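I opened my notebook for another look at a structure. Here is what I looked up, in the order I did it.

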Amino acid sequence: MTSSLTKFDTGHEDLIHDVAYDFYGKRLVTCSSDQKLKVWDFVEREDCSVWELSDSWKAHDSSILKAIWARPEYGQVIASCSFDRQVKIWEEQPTEPRNSQKRWVERFRLVESRGAVLDISFAPTPNSLRLATCSSDGIVRIYEALEPTNLAQWSQMEEFEISSSIPNTPPAGQQPQGQQALPQQQPQGQIQQQLQQTSPYQSQLQQQFQQLQQHQSQLQQQLQQYQPQSQHPQQPVNTKSTSSSGSSIKSHGLSTPGVPDVPTMTSTTAGYIQGISPSSTAGIGEQANAGSIHRPIDADSGYCIDWCPNRSNTPMMVAGLGKEKGARIFKHDGHNRWIPGEILPGHTQEVHDVSWAPNLARSYQLIATASKDQHVRIYKITESTQQAQQQRGSSSNRMPISPAGTPTQQQLNKPLNVELIASFPDHKAEVWRVEWNVTGTILSSSGDDGKLRLWTAGYDGKWRQMATVTANQQVPPST
């Protein structure tokens with residue numbers, strides 16, 4: 001088997017965070033900390049094949065972490081996420097000239113995240129254009145284009161929190177943090193003496209408290225005198241999108257080339273904050289300090305997501321659990337809710353990336369994870385053997401489906417067997433990305449060791465490393 005490497009200068013002025021192929025492998029999009037997106041076309045010539053720059057433009061106000069392509073039936077569409085807490089939808093305009101910085105138009109931006117958006121993923125559903133976003137606030141938000149042919153209107157369909165938010169219970173015999181141990185009971189006589197001694201001080205405190213109340217009322221009267229007579233409250237941003245989960249989504253509409261319409265993330269409008277979803281559980285006062293109250297904003301928080309690309313009775317998703325050090329499968333119940341499922345065990349530190357393998361004629365599923373503990377792990381997902389036997393013995397031999405076509409509670413409670421079938425420490429450094437090929441037979445991983453490693457299973461079913469590509473590898477010049 002022969003292979004070739006093509007090296008080309010991207011021209012980015014800072015670190016490149018992500019490189020993504022389109023569905024056919026003929027186009028590339030690169031994103032960088034220089035806040036730019038660049039689209040490349042693979043051009044085959046008689047003497048050699050090269051990657052030519054199609055267009056480059058400033059896409060965000062901060063480092064761009066990831067860029068992905070939508071399925072080809074929806075046109076040439078790219079989604080990008082950044083540290084600026086925004087996700088933007090871009091569509092190509094073939095009538096614009098190449099390298100004009102106008103060939104890609106911003107159609108919509110999603111601003112509900114209260115932290116850096118760390119990962120995005122388009123759903124594999126063929127009849128609807130859905131996008132899942134995962135940010136450092138620990139919440140996954142799922143959006144859908146109201147009309148796939150019109151990318152200017154999106155709606156937030158669901159959201160769920162990744163972390164289990166289970167309070168830590170202290171060991172037996174220890175008091176929880178922030179609580180003091182109760183003092184030992186004292187005799188009744190000593191308590192009466194202490195009360196008699198503190199009674200003069202109590203009367204003095206009451207007098208001081210009354211004086212403070214009078215002073216406060218005087219200050220309020222003075223403030224009312226200086227307050228302007230007429231106040232014009234700022235009008236809220238015009239909304240164009242709706243939410244099926246009962247909460248409206250603040251839309252900033254269609255971006256017109258040459259006309260800036262970037263929303264202000266911290267300005268308040270008529271009782272709510274721009275960029276904060278009204279459907280969140282925090283109150284208005286809490287939303288003002290969402291970055292410090294809800295959860296610490298940390299770009300290295302270990303939150304990542306990926307859809308199950310295979311047909312199943314219910315939509316599923318795998319997500320990294322952040323500081324809880326692991327990954328978990330989530331299942332959709334058919335009623336705008338995601339139910340936490342099985343844990344992928346074995347991780348000792350945060351999970352940087354997850355990837356669900358496409359399934360071609362396999363009776364099981366495969367999930368790969370990249371972890372901070374320097375390991376690449378592969379998990380085998382199968383249905384419970386006991387559940388499968390019960391289904392074979394049933395008279396109907398059909399899965400129970402509700403009249404609305406949604407999965408029943410029996411399907412949601414159906415357990416999955418999670419088996420760790422491979423764990424590779426070969427990178428000997430933090431592993432940041434894992435990705436399957438189209439058939440789900442070859443896994444690629446990259447880490448801080450500067451190497452791209454390819455893994456595949458042999459005839460005996462054991463996974464092995466099949467190739468290694470070094471970032472600084474010398475490439476012979478093309479002739």
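I worked on a predicted model, in which local features need pLDDT of at least 70, side-chain atom pairs count only at pLDDT 80 or more, and totals for chains, interfaces and linings use all residues. Residues are numbered from 1 along each chain as its sequence is written, and side-chain values use heavy atoms, with hydrogens and water left out.

At least three of its residues come from each of domain 1 (1-162) and domain 2 (309-384 + 413-478), with bounds from an automatic or database domain assignment.

**Rings.** I found 13 aromatic pairs in the whole structure (Phe, Tyr or Trp ring centres within 6.5 Å, the six-membered ring for Trp; stacked is under 30 degrees between planes). Phe424 and Trp455 count as stacked because their centres are 4.1 Å apart and their planes at 15°. This pair joins strand β22 (residues 416-424) to strand β25 (residues 451-457), its members being 31 residues apart; strands are DSSP E runs of at least two residues, numbered from the N terminus. Both Phe424 and Trp455 are buried.

**Loop.** Where is Ser113? I found Ser113 in the loop between β8 (104-110) and β9 (117-122), buried at 4% relative accessible area. Its C-alpha lies 7.1 Å from that of Gln86, 27 residues away along the chain.

Methods. Rings of Phe, Tyr and Trp (its six-membered ring) pair if their centres lie within 6.5 Å; planes under 30 degrees apart count as stacked, over 60 as edge-to-face and the rest as tilted. Helices (H or I, at least four residues) and strands (E, at least two) are DSSP runs, numbered from the N terminus. Buried means under 20% relative accessible area, exposed over 50%, partly exposed in between (1.4 Å probe, protein chains only).
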